[in-house]
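The following account leads through a structure in running paragraphs.

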Amino acid sequence: MREIVWKIGGEQGQGLDSTSDVFATVCSRLGYHVYAYKTFASRIKGGHTNFTVRVSTRRVLAPARHVHVLVVLDQEAVDRTIGDLVPGGLVLTDSSFTPDVPPGTNVISVPMIQIARELGNPVYRNMVAIGASAALLGIPLDGFRAYVADKFGRKGAEVVQGNIEALQRGFDIAREQAGDRVFALDRGDGKPRLLMTGNDATAIGAIAGGCRLVAAYPITPASEILEVAAKYLPKFGGAAVQMEDELSAVAVTIGAGFAGVRAMTSTSGPGISLMQENLGLASMTEIPMVVVDTQRGGPSTGMPTKHEQSDLMALIHGGHGEGPRIVLAPGTAEQIFYDTAMAFNLAENYHCPVIIASDLGLALWQQTVEDIDLDRIEIDRGPLADPAELEKLGREAFQRYAQTETGVSPRSLPGMKNGQYLATGAEHNVFGKVSEDPKNRKQMMDRRLRKIRKLELGGKPVPGLEVSGDDRPDVLLISFGSTIGACWEAADDLREQGLKVKVAQVRVLNPLPVAELQALVDEAGAAFTVENNATAQLAFLLRGNGLNGKPLRSVLKYDGTLMMADEIVAQVREALTVEGVRA
Amino acid sequence: MATVTVTLQDYKTSEKAWWCPGCGDFGVLAALQKALVELEIEPHNVAVVAGIGCSGKIGNYINAYNIHVTHGRTMPVALGLKLANRDLTVIAAGGDGDGYAIGMSHFLHAMRRNPDITYIVMDNRIYGLTKGQTSPTSQTGFETKSTPDGNLERPVQPIQLALAAGATYVAQGFSSNQKQLVRLIKGAIQHKGFALVNTFSPCVTFNKVNTYDWFKEHLVDLDEVPDYDPHDRVAAMRFVAEHDGLVTGLIYQEPESIPFEEKLPGLGRRPLAAQDLRPDKEKLQQILAQFR
Ligand SMILES: Cc1ncc(C[n+]2csc(CCOP(=O)(O)OP(=O)(O)O)c2C)c(N)n1
């Protein structure tokens, strides 16, 4: 089999998360692609929780509908998850529990608790479950043994031995009971990968990109960015500060950016709403800064623990007035790592806020990441005034907001002699002095907006799109953010059904690569945006930016759960049938 | 090292102040400039963060690195500046509306953190720029366009608030008592930690009650109170409360104040702004290895 899905359900506090983590980590180490996610809510009756791990020989970045092996620790877990089991799927339980399952369900019952007790530590129960799962999924134990030795080595030989014994006994008993009903996962490519969440990747990517100050206010699903930054930034001479609210968090980054430090704040929808006024200030004063928005279900408190991609309008147009903002839209943990590092270069080259549109699916769920190439990361601090030239200029002569062809004017940093100026949110002239002269106003507006018409770094364009798939496709899928995983998978599936498919991932939402998208739409049989929102915000943006020609359709999902490949396939097929656009 | 001579001229800009003739803010501007000159701090090492209001225009008239921010947000912007570059002298300045209404929570949290920032509030007990509404420091019963039947609320007591919030330098000045104000601002800048200088700065256009004469009549000058001890927080609270907050001078200073930026793990002596940003690949690889 190319892929298996494992799910574990039970009560919170039973160690399910660490069990899932061990299972996912080992599969990643064995050279499989892994996508691991959890079902959680702000309130869960009875404290039920479940974790799903998708293990595959090909790239997987989306949830799966069907489960092959279901580990259930109580009846509630059975009731909530049994419907996910594939025909021939296996239910694994502890022998002390006889689950009430539909007739014909294959139940494998392993005395997990008893074995753990015999081995002298109740926590070994989870290792018995993992060993048994490995047997049922056709994954050899070697990788698990190596992991145990690695992870528990410090705790002494006895602990290592106990864990290994637990694994082995679970494996043997499950294997024997299941007989030829076990699954057989194909071998992975053996390539070791990292297993990270988008939030991990964001925080570490920021540090790699030279960020030295993170100021934020906790909010789901962004909090881990602050936490991971707080853990690692001090090792790089930087700091993470938990602020009193989002207004102050973004204000700190502005102060630091003015002083020449790469600074970032991270938040989610409600926080982005609060930051709007100061995002305007950063646009107007032309101070570099980076903001990460991990989108979640809105509006208002909406569904704080559920996935959505519905902040696009706020990110691009939110706030009052008109000012430059760059909005990046990575879709994988790997992309968000490099994008976050790059965001600081963009901010310092274009002197404006750079917003990274993340989302709950990308932020929280673990996925395998190809080895990070730190050599790819460059630090490019953008146009800075030359202190020697400033000295010669004399006082009050520096034009911080000089009219230039690109619109970007070199900035001075506090401490540079004769570089003093006024950075004000009020309209100002080339020196920074407040001015409401109509001619000046127009020139300043034009210059600020001109800056980000085209993005380049080091003379090379920053690609706004990532395109893969067939030329002259029957179907074009246009997507952004974590939905891209489901799109790539859906494209494969549609291809297997005989269609030609192309996938365009919008990597820069502002400035939007409209001309490139227009060409793709023109060449395609039918074009769809794929979005986790109710109002097709990406499609709206495309049209608003002048995309025309054939109608844009949209595959939408806004029930709080992530897009799945089969949902895209179904909606695309339905549209094609209805409209008769069949290849 | 060559000695620097800093003159008042260095701190002037070509811009003419837009305040109404007689505005108290002229006095605050002059005192701040004089304090910086007397401390021989060069303009390029000063960052002024100004709020929104008539008072917030102060940064327009000081030749320094100025940032004129959104209404009420001077405190966090100043914090960002100080964290970024602890070699800078960071001054925040704004009005009573800016600091004690919209910016109240940042003010309280700044005092909890104690970064090395000097905060000058130009307190005219009214909103000037928006043309005369009630401010958080307006007295109960005060009649303005927004409270035609008189202010129903009790005024914020900035000094008592600062003492209670743990501020490590608390002073109050009067814009027409230049000598004292200069001294208070100098002390604030030299203080290692958060320093509040609430300054009565009369609004001659909209506040017809709290005029220069009114302040002169009501203010108690600590310089003339012989046994006042500015190192006793509780005594300071009592004294200020007994005089309804109408006290000028150094009210309280904590001798052993350690600024926030010195306590933060990771921040070394060298300013963040002077750091080499090329990633330390080895350290990064070690972190990434934890995800394997
Ligand atoms: C978010 C926001 N709300 C309201 C205003 C309008 N506004 C400008 S100045 C001001 C009050 C100023 O009062 P104060 O801080 O006492 O300063 P003064 O003008 O008296 O010096 C207000 C409400 C604004 N600029 N921004």
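This is a predicted model: local features need pLDDT of at least 70, side-chain atom pairs count only at pLDDT 80 or more; totals for chains, interfaces and linings use all residues.

Residues are numbered from 1 along each chain as its sequence is written, chains are lettered from A and ligands numbered from 1 in the order in which they are written, and side-chain values use heavy atoms, with hydrogens and water left out.

The ligand is surrounded by 17 residues, a residue being near a molecule if one of its heavy atoms lies within 4 Å of it. The closest are B:Cys54, B:Ser55, B:Asp98, B:Gly128 and B:Leu129. Because both chains A and B supply residues around the ligand, the site is shared between chains. Helix H3 (residues 96-102) of chain B gives the most to this shell, with four residues; helices (H or I, at least four residues) and strands (E, at least two) are DSSP runs, numbered from the N terminus. By class, the shell holds six nonpolar, eight polar and three charged residues. Here Ala, Val, Leu, Ile, Met, Phe, Trp, Tyr, Cys and Pro count as nonpolar, Asp, Glu, Lys and Arg as charged, and the others, Gly among them, as polar.

Which distances separate oxygen atoms of the ligand from N or O atoms of B:Ser55 and B:Gly128? An oxygen atom of the ligand is 2.9 Å from a side-chain N or O atom of B:Ser55, and a backbone N or O atom of B:Gly128 lies 2.8 Å from a ligand oxygen atom. The protein covers 77% of the 590 Å² of accessible area that the ligand has on its own, as given by the Shrake-Rupley method with a 1.4 Å probe; for residues, only the protein chains shown count as cover.

Over all chains, a search of the whole structure finds 20 aromatic pairs. Rings of Phe, Tyr and Trp (its six-membered ring) pair if their centres lie within 6.5 Å; planes under 30 degrees apart count as stacked, over 60 as edge-to-face and the rest as tilted. The pair of B:Trp19 and B:Phe26 is edge-to-face, at 5.3 Å centre to centre and 85 degrees between the planes. B:Trp19 is buried, with a relative accessible area of 7%, while B:Phe26 is partly exposed at 33%; buried means under 20% relative accessible area, exposed over 50%, and partly exposed in between (1.4 Å probe, protein chains only). A:Phe258, A:Phe398, A:Tyr401, A:Tyr421 and B:Tyr65 form one aromatic cluster.

In chain A, helix H7 (residues 198-208) has eleven of its eleven residues buried, so this helix is largely enclosed by the rest of the structure. H7(A) is followed by A:Gly210, whose phi is positive, near 95 degrees.

Chain A also contains cis peptide bonds. One runs from A:Thr220 to A:Pro221, with omega near 0 degrees, and A:Pro221 is found in the loop between strand E8 (213-216) and helix H8 (223-232). Another joins A:Asn510 and A:Pro511, with omega about 0 degrees.

Positive phi values occur in residues other than glycine as well: A:Glu286 has a phi of about 60 degrees, and A:Glu396 one near 55 degrees. A:Glu286 is buried, with a relative accessible area of 1%, whereas A:Glu396 is partly exposed, with 26%.

Key:
A polar contact is a pair of N or O atoms within 3.5 Å; within protein, one must be able to donate a hydrogen and the other to accept it, and residues adjacent in sequence count only if both atoms are side-chain atoms.
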